[in-house]
Amino acid sequence: MRSEKLAQQIRKHALRMTSLGKSSHIGSVFSIADILAVLYGEILQVDPQNPTWSARDRFILSKGHAGAGVYAVLAERGFFPVEKLNTHYQDGSDLSGHVSHKGIPGVEFSTGSLGHGLPVGAGMAYRAKLDDLSHRVFVLLSDGECDEGSNWEAILFAAHHHLDNLVAIIDYNKLQSITTIKETLNLEPFADKWRSFGWAVQEIDGHDHSAIQSACLKIPFELGIPNCIIAHTTKGKGVSFMEDSVLWHYRSAQGEEYEKALQELNSQL
């Protein structure tokens with residue numbers, strides 16, 4: 001499946017999942033759908049038939065509230081049946097609102113409390129270096145999550161230990177919870193901050209599949225230096241009335257909104 005089609009499948013699954021369970025964060029899922037599609041369709045070395053394969057690349061969704069997107073792409077890749085997605089956020093389901101590894105093949109680490117994914121990813125990458133292992137560790141973070149001091153400790157750690165097998169991808173949609181990043185806690189000059197901490201940085205359009213793939217294929221950007229991809233994205237990407245709107249951080253589409261959103265997504269396939 002082409003990555004563009006996979007991204008739209010992720011969006012359609014997530015739209016339905018969040019609507020059925022009356023959960024939230026659909027805007028956050030839509031902003032990373034293209035990144036997930038390229039990673040799982042073209043970049044990550046993983047085996048759905050052997051999820052614990054020792055040589056697999058590791059992927060951590062640090063912005064765990066967008067877990068519906070990860071569940072969707074794992075199902076599409078064959079880690080578990082697509083039909084299971086309909087249980088998302090239902091009573092008794094193991095497909096929790098924030099992504100969980102418990103009983104879910106393909107999920108490396110449960111997240112939800114922001115600022116935990118990159119420190120764990122740095123530890124995984126460090127262990128791989130110590131044991132001379134060849135797999136990479138990819139961590140997808142939100143921009144608002146970069147307010148957390150634990151991330152900057154991990155950023156220092158990764159540079160100090162020359163973890164060029166570690167890749168941080170930032171979903172830079174510039175909206176945080178109920179307002180903009182700039183109004184909450186301005187991150188700019190964002191790329192310069194990462195570089196000053198000893199990381200190699202590339203900025204890309206996070207919805208351009210060729211740009212995402214091209215950046216990932218260049219890893220490591222520089223030998224001995226950890227990698228940061230700042231992906232400029234649009235929250236709610238793919239549905240006109242959700243795009244660049246904080247409203248869709250905390251709600252799901254129901255009724256006419258659901259039908260309109262699904263119609264827009266179907267028209268793009």
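Which helix holds both Arg 195 and Asp 192, and how many residues apart are they?

1. Arg 195 and Asp 192 both belong to helix α7 (residues 190-196), where they sit 3 residues apart, about one turn of the helix. Their side chains form a salt bridge with an N to O distance of 3.5 Å. Arg 195 is partly exposed at 40% relative accessible area, and Asp 192 is also partly exposed, at 45%.

2. The model is predicted. Mean pLDDT for the protein chain is 97, with 100% of residues at 70 or more.

3. The salt bridge count is 10.

4. Lys 129 and Asp 164 are joined by a salt bridge of 2.5 Å, N to O. Because Lys 129 is in helix α4 and Asp 164 is in the loop between α5 (149-160) and β3 (166-172), the pair ties together parts 35 residues apart in sequence. Lys 129 is partly exposed at 39% relative accessibility. Asp 164, at 10%, counts as buried, because the cut-off for that class is under 20%.

5. Asp 94 and Lys 84 make a salt bridge at 2.8 Å, N to O. Both residues lie in the loop between α3 (67-77) and α4 (117-130), so this contact links parts that are 10 residues apart in sequence. Asp 94 has 28% relative accessibility and counts as partly exposed; Lys 84, at 26%, is partly exposed too.

Conventions. Residues numbered from 1 in each chain as written. Predicted model: local features only at pLDDT ≥ 70, side-chain atom pairs only at ≥ 80, totals over all residues. Heavy atoms only, no water. pLDDT = per-residue confidence, 0-100. Salt bridge = Lys/Arg side-chain N within 4 Å of Asp/Glu carboxyl O. Helix = DSSP H or I, 4+ residues; strand = E, 2+ residues; numbered from the N terminus. Buried < 20%, exposed > 50% of the residue type's maximum accessible area, 1.4 Å probe, protein only.
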